[in-house]
Amino acid sequence: MNGRFLRNVFIKGLLLFAAFNLIWAAFNPSPGNISAYNLILRGRERLPFGEDSASSYNLSLYDLDAMFASLRLAGAPKTPDEFRVFVIGDSSSWGTLLRPEETLAGLLDKAGLTTEDGRTVRVYNLGYPTLSLTKDLMVLDIAMQYEPDLILWPVTLESFPRERQLESPIVANNSDRVAYLIERFDLGLDAPVNEASFWDSTIIGQRRALADLLRLQLYGVMWSATGIDQTYPTDYEPAARDLEADESFGDWLPPSIPADGLVWDVVAAGMQRAGEVPVVLINEPVLVSAGANSDVRYNFYYPRWAYDQYRASFESTCTANDWTCLDLWDVIPEERFTNSAIHLDPQGEAILAGKIIETGVIK
Amino acid sequence: MWLTSILILVGLALIIFLLSLWPRTRALRKLLLLVFSVGVIFWLQPALPIRGLDFWLPVATLALVALGWLLTSKAEEREVRATLVNTGLVISTVLLIALTRYVSLTGWITPSRPPQTLIVVAVLCAIFAVLFLLFIFSRRVPLGAGALVAAMLAILLVFVVLKLPALTQWISEVLRGWNGQSRELASSIDLRWLGFSYIAFRLIHTLRDRQSGRLPAMALDEYFIYVLFFPAISAGPIDRSERFLRDLRKPFIPAAEELGGASKRLVIGLFKKFVLADLLALIALNGTNASQLTSTGWAWLLVYAYALQIFFDFSGYTDIAIGMGLLMGVKFPENFNAPYLKPNLTQFWNNWHMTLTQWFRAYFFNPLTRALRSAKKPVPVWLVILITQISTMLLIGLWHGMTLNFILWGLWHGLGMFIQNRWSDWTRPLSTRIQQKPALNRIVTIFTTLLTFQFVAMGWVWFALPSVQTSLDVFTRLFGMGG
């Protein structure tokens, strides 16, 4: 080995590295579709999400292709005797503090339902723990390729404010998809601009996304081995029952929600995107507190005036558009809420699933 | 160790490499090795919750090393001037580090703010005074074998204390009490002493070799550099002093070969540690996921992942240490030689953490075997093998930690080696016949290699988990009997 040889190795290594980066950036592949899930790993029951990866064997990433590819749904071809139901929505659909089988989707799936024409009802959890209807629309848009027969869409007021639609990281990091949806459905949102440079398309620029993709596959091993996809603390801060005497809802103050403050256009876009597939819009249960200042607020999230107006808007919009809607806001007893005014314990979820089955919307 | 820390250490090694390129600066190599090695034990020392302890433990390391040198060096071979200069260098380095309490370097040089300078000066003076008196005293009255044995026993005692959670917890309580800190918060991990395990091995090696007259004469700086050489301070290899000295004393004239060899080992080591091992760590068996396993197949995968993770982690560190050593003109012995590809357990241990097993062989296994074989009442060969294999492996297990699981891991390997030894002995005629048929021999070798790996991998279940019950639960799961 001499100095010249070393220099050549160094230069060749550098050139190869630069070439790989440039080729990668030029072709801009979507490695998210390559997944070990449903091949050697068990498909996940819900979309990947998690902050404490080491103990939840899960992680938050922004590659929706990779997220969907990790789902059991992606490896379950639809059979003629299957009636496929998707539950989209926020953390209450995803199931914070709940095991996959304890979520609304899990319970409905386990209920052994069959349709009037004898098909078996299979329910898939496509909830994702951020509050934004635009995020729901984005998930719904991708989910349509998996041929649903019915979509259950639990929503809550917190997901509706127009100014919060693009805030969540999953939305902010999928600006192309969101911009496309905004343009296609003419939504009243400012389309985000994709500011990614050529550099961002190289392997170096995408190192975080690529590392996340790899970690998603590795945590799939732990998910397959343990069936755990979130941490279940034995002790958590329960949702507040005693509330501040605060009448504000974000920047909104009484007496009324600003005109066009709620993104009904996004909901309408979801209905339009679903096309022939029926969508049931569900005003999800919220904690109705009986504690201090409960005459001012229903819970930590909602002052009474805002939530009441939202419910009125929910009813009138559903009626006006002839949408199938269920207002189940107060069907769950206060003691069945866990760490948030919209998170239920397993018994609460069972009550909710029972109520939905009772309505006969799954038929 | 974080990647940044390793890169900084590589940077230090590169400084020495570059300075050695020119004849004028080449002489600085030893001096820089001494200063860097002393500084690194403060820098890498983990932060400890007991006030000041993460400064005093490295100081204690230095005191121990100085004491080790006094005990192992012959008075007539000591050069007074050089010794004083080197002592001054070590003390100056410590003082400089202590003075960083007055600048915003906390967390950069030391994990927490160094103690008050006056206290540091007082302690250093006290240590210096004691060692100086010993230095003078040992010139007049040579230290006998008793002192060497006492020193070895003292090191072993500290070692036992550090490895016994109940004792470390108690000491933590006492130290917290002295410091006016809450005793209730005392924990057995409050006394993490950077590199003590490896330092202890090197000290015992020099003390024992001094006792047997095999230790070469070493100047104070050489002794410090040998014991504290920063590439090997936290994870070995455990070099032998005579071999290390040859490299240290040889004029180091860097060439492309050293740079190429070092770069290769560093790249391989970094890849093993920070890519392979760290990725495998996500799916490797551990105390938490052991109780969450739901199926046999996945349980095996986690055990195999652990087996590979510990190999890549440890051998990766070794590669990095060897690479850094090459940059400074020191060629460390190899520590791993494809251990999972060996056809029997004895060969596995001859190729896994080789410098550790060689240490135990030299200072425990061989002397014990000799003692048993030369016993007045003859001990049967099989019993000699049983006693030596099991006791050696038990000690290696205890070196990792004084818990029941490490004892069981040692027993697992000790018994495994004994059985393998007896089996090999019993089937020797058959083995000879098989060896004459290459195809059959290859098949048998593949089978025994897989069997050995399987045995070692299962042994890691004891090693990786914190309790016997958890390990038994995992074994139950591995054999399809889990609930």
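These legends describe close-up views of a predicted model. Local features need pLDDT of at least 70 and side-chain atom pairs count only at pLDDT 80 or more, while totals for chains, interfaces and linings use all residues. Residues are numbered from 1 along each chain as its sequence is written, and chains are lettered from A and ligands numbered from 1 in the order in which they are written.

**View 1. The open sheet of chain A.** Five strands line up in the order β2-β1-β3-β4-β5, with parallel pairing. Strands are DSSP runs of E, at least two residues long, and helices are runs of H or I of at least four, numbered from the N terminus. Two strands pair if DSSP finds at least two bridges between them. β2 (120-125) and β5 (324-327) of chain A stand at the edges with a single partner strand each, so one side of each has no neighbour in the sheet. From one strand to the next, the twist averages 20°.

**View 2. Strands β3 and β4 of chain A.** β3 (residues 150-155) runs parallel to β4 (residues 279-283), joined by five bridges. A:Trp153 stands opposite A:Leu281 in β4(A). Helix α11 (residues 264-274) of chain A lies across both β3 and β4, at about 155° to β4(A). Axes are lines fitted to C-alpha atoms, for helices over the stretch in contact; angles run from 0 to 180 degrees between N-to-C directions.

**View 3. Domains 1 and 2 of chain B.** Domain 1 covers 1-8 + 254-335, and domain 2 covers 22-252. The bounds come from an automatic or database domain assignment. 16 residues of domain 1 are in contact with 14 residues of domain 2 (C-beta atoms, placed from the backbone, within 7 Å). Helix α13 (residues 296-327) of chain B gives the most to the domain 1 side, with six residues.

Key: Contact = placed C-beta atoms within 7 Å.
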